[in-house]
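Please keep the model open while reading.

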Amino acid sequence: MSRDWIKIYEEKGALWIHDGNPSRPHALLTSGRHSNGFFNSNLVMEDPLLMDRACADLLKCLRRSGLDIERIDRVVGPAMGAITVAHDLARHISRKRLRPCMCAYTEKFTTADQANNMFFKRTKLRPGESILLVEDVLTTGNSLELAAAAVTLQQGIVGPLVGVLVNRSGLEQLNDRKIIALIDHPMPMWKPEDCPLCKQGSDAIRPKGTENWARLNVDY
């Protein structure tokens, strides 16, 4: 399944790999690290039918790995990327078991003293809710860890599986939770001072956004 979905990302122009040309910028990730590759899941999630298919396939992977959909009360992901994943996966679970599965998403604090924390701004969990964590692209896992902490703070129970569209981290587990992904495709990540593309003169830019995505993909 991973190979099939890599092909779909390629066909959608959602998988970018640096060609070695130092005139071409490279990816500055949210973590602050640099990379020569990027999965732009926005280009998949903007297509409702394709996203419906992706979440159906992800749910199949999760169930094969032991997910009991009868026990899941809510699907939660960190904003912004995982909002659509959480909503659509919860809908698929609801349809499969013929009763509602709720969804929610966590957001980062905007104040400096809480910059490394997430909270539920628009939803309040019920104590004891069983939570399935999801993400669009797993890079370092930091956002999911913050989301898990926000769930625990509201007395929710985070399950042993994490569902993601793309796992580029090279990790198999995140805090003892097994990562289940449509695509497992590790990509290099470097600290800025160690980045070989920077040393060749390539600029590091945030890949998301139409202008920067175009800069990464234009002919040089």
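1. Strand β9 (residues 157-167) contributes the most to the lining of the second largest pocket, giving 5 residues. Strands here are DSSP runs of E with at least two residues, helices are runs of H or I with at least four, and both are numbered from the N terminus. A pocket is found on a 1 Å grid over the protein atoms alone: it is an open set of points where a 1.4 Å probe fits, with protein on both sides within 12 Å along at least five of seven lines, and its lining residues have an atom within 4 Å of a point.

2. The model is a predicted one, in which local features need pLDDT of at least 70 and side-chain atom pairs count only at pLDDT 80 or more, while totals for chains, interfaces and linings use all residues. Residues are numbered from 1 along each chain as its sequence is written, and side-chain values use heavy atoms, with hydrogens and water left out.

3. The second largest pocket has a volume of about 220 Å³. A volume is the space filled by probe spheres set on the grid points, which are joined across faces, edges and corners. Its lining has 13 residues, and those nearest the centre are Leu67, Ile72, Ser130, Gly159 and Pro160. Both β8 and β9 supply at least two lining residues each. By class, the lining of this pocket divides into 7 nonpolar, 4 polar and 2 charged residues. Nonpolar covers Ala, Val, Leu, Ile, Met, Phe, Trp, Tyr, Cys and Pro; charged covers Asp, Glu, Lys and Arg; the others, Gly among them, are polar.

4. What is the volume of the largest pocket? The value is about 550 Å³. Of its 26 lining residues, Thr30, Glu135, Val137, Thr139 and Ser143 are the closest to the centre. The elements giving two or more residues to this lining are β4 (37-39), β8 and α5, and β8 gives the most, with 4 residues. The lining of the largest pocket is made up of 12 nonpolar, 8 polar and 6 charged residues.

5. Strand β9 also pairs with β11 (residues 177-184): 6 bridges join the two, which run parallel. Two strands count as paired if DSSP finds at least two bridges between them. One of the contacts is Asn167, whose bridge partner in β11 is Asp184. Strand β11 is mostly covered, as 6 of its 8 residues are buried. Buried means under 20% relative accessible area, exposed means over 50%, and partly exposed lies in between (1.4 Å probe, protein chains only).

6. On the other hand, β10 (residues 173-174) pairs with β11 in the antiparallel sense, over 2 bridges. Here Leu174 has Arg177 as its bridge partner in β11. The hairpin of β10 and β11 has 2 residues between the strands, and Asn175 takes a positive phi near 50 degrees in this hairpin.

7. How many salt bridges does the structure hold? There are 9, a salt bridge being a side-chain nitrogen of Lys or Arg within 4 Å of a carboxyl oxygen of Asp or Glu. In one of them, Arg126 is joined to Glu129, with the closest N and O atoms 3.0 Å apart. Arg126 is partly exposed at 48% relative accessibility, whereas Glu129 is buried at 2%.

8. Another salt bridge is that of Arg122 with Glu107, where the closest N and O atoms are 2.2 Å apart. Arg122 lies in the loop between β7 (118-119) and β8 (130-138) and Glu107 in strand β6 (residues 102-108), so this pair ties together parts 15 residues apart in sequence. Is Arg122 buried or exposed? Arg122 is exposed, at 54% relative accessible area, while Glu107 counts as buried at 16%.
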